[in-house]
Amino acid sequence: MPALPAVDAAKLAQLHTLGEIGRYSTLRLKAEKAAGRDIPGAGNIAKLSMSDMVRLQRDLGLRITGPQGMLHAYDSESRKALDAATGNPFLGFVTEMALFAQAPPIYGGTDQVQKNIIGERVLGLPKEPNQDKVVPFSELPKNA
C-alpha cells in the first residue's frame with residue numbers, strides 16, 4: 001500500500017489527537033465528579049468534539065479508500081461479498097461510518113443548540129432576544 005499523502009497523515013494525527021483530548025477530558029471530569037465537583041459545559045463540549053471527530057473520520061476514511069468509498073453493504077452477507085470483491089476488510093466500516101456521520105451533529109441537540117447552551121449557561125452570555133414568554137404561541141411568527 002502506498003504511503004499516505006502528507007495532508008492525510010496530518011488529518012490522521014489530528015483525529016488521534018482529538019481522541020486523546022477527549023479521553024483526558026473524560027478522566028478529568030470523572031476525577032472532578034469523584035471529588036463532588038463538576039465542570040460546567042463538559043458534556044456540551046464533548047458532544048461538539050464528537051461531531052467534529054465523526055466528520056473528520058468520515059472525510060479521512062473516504063479519502064483513504066478513494067473511489068471504493070462509494071461502495072456500501074447493508075447487511076453482513078453483502079459486506080462479506082464487498083470485502084471479497086475489494087480485498088479491503090475495513091471498507092464496510094468506513095462507508096457505514098460515512099453514512100452515520102450526519103447523525104451526531106443532529107441527535108442529542110444540534111451543534112448550534114450546544115453552542116447556545118455553552119454561551120448562555122457556561123459563559124453567562126445573554127439569551128437571544130425573543131417573544132416566546134410574552135406572546136401566545138399561536139401569535140408567534142412561523143416559518144412558511
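Tutor: Buried residues make up 23% of the 144 residues in the chain, where buried means under 20% relative accessible area, exposed over 50% and partly exposed in between (1.4 Å probe, protein chains only). Bear in mind that this is a predicted model: local features need pLDDT of at least 70 and side-chain atom pairs count only at pLDDT 80 or more, while totals for chains, interfaces and linings use all residues. Residues are numbered from 1 along each chain as its sequence is written, and side-chain values use heavy atoms, with hydrogens and water left out.

Student: OK, how many helices and strands does the chain have?

Tutor: There are 5 helices and 0 strands, taken as DSSP runs numbered from the N terminus (H or I, at least four residues, for helices; E, at least two, for strands). The radius of gyration is 21 Å, well over the 15 Å that the globule rule gives for 144 residues, so the chain is more spread out than a compact globule. That radius is taken over C-alpha atoms, and the rule is 2.2 Å times the number of residues to the power 0.38.

Student: And what box do the C-alpha atoms fill?

Tutor: Roughly 60 × 50 × 30 Å, along the principal axes.

Student: Switching to charges: how many salt bridges does a search of the whole structure find?

Tutor: It finds 10, each being a side-chain nitrogen of Lys or Arg within 4 Å of a carboxyl oxygen of Asp or Glu. One of them joins Arg 23 to Glu 20 at 2.8 Å, N to O. Both residues lie in helix α1 (residues 6–34), 3 residues apart, about one turn of the helix.

Student: What else does the charged end of Arg 23 do?

Tutor: It sits over the ring of Tyr 24, 4.7 Å from the ring centre. The test there is that NZ of Lys or CZ of Arg is within 6 Å of the ring centre and within 35 degrees of the ring normal. Arg 23 is partly exposed, with a relative accessible area of 40%.

Student: Which residues are linked in a network of salt bridges?

Tutor: Lys 47, Asp 52, Arg 55 and Asp 111. Asp 52 is partly exposed at 41%, and Arg 55 is partly exposed at 26%.

Student: Is Thr 65 buried or exposed?

Tutor: Buried, with a relative accessible area of 13%. Thr 65 is in helix α2 too, and its side chain reaches the backbone oxygen of Leu 62 at 3.3 Å.

Student: Which residues is Thr 65 in contact with, leaving aside neighbours within four places in sequence?

Tutor: Asn 88, Leu 91 and Val 94, with contact meaning heavy atoms within 4.5 Å.

Student: Last topic: which rings make up the aromatic pair?

Tutor: The structure holds 1 aromatic pair. The rings are those of Phe 100 and Tyr 107, with centres 6.4 Å apart and planes at 45°, so the pair is tilted. Rings of Phe, Tyr and Trp (its six-membered ring) pair if their centres lie within 6.5 Å; planes under 30 degrees apart count as stacked, over 60 as edge-to-face and the rest as tilted.

Student: How accessible is Phe 100?

Tutor: Phe 100 counts as partly exposed at 36% relative accessibility, and Tyr 107 counts as partly exposed at 40%.

Notes:
Polar contact = N/O pair within 3.5 Å; in protein donor to acceptor, adjacent residues only side chain to side chain.
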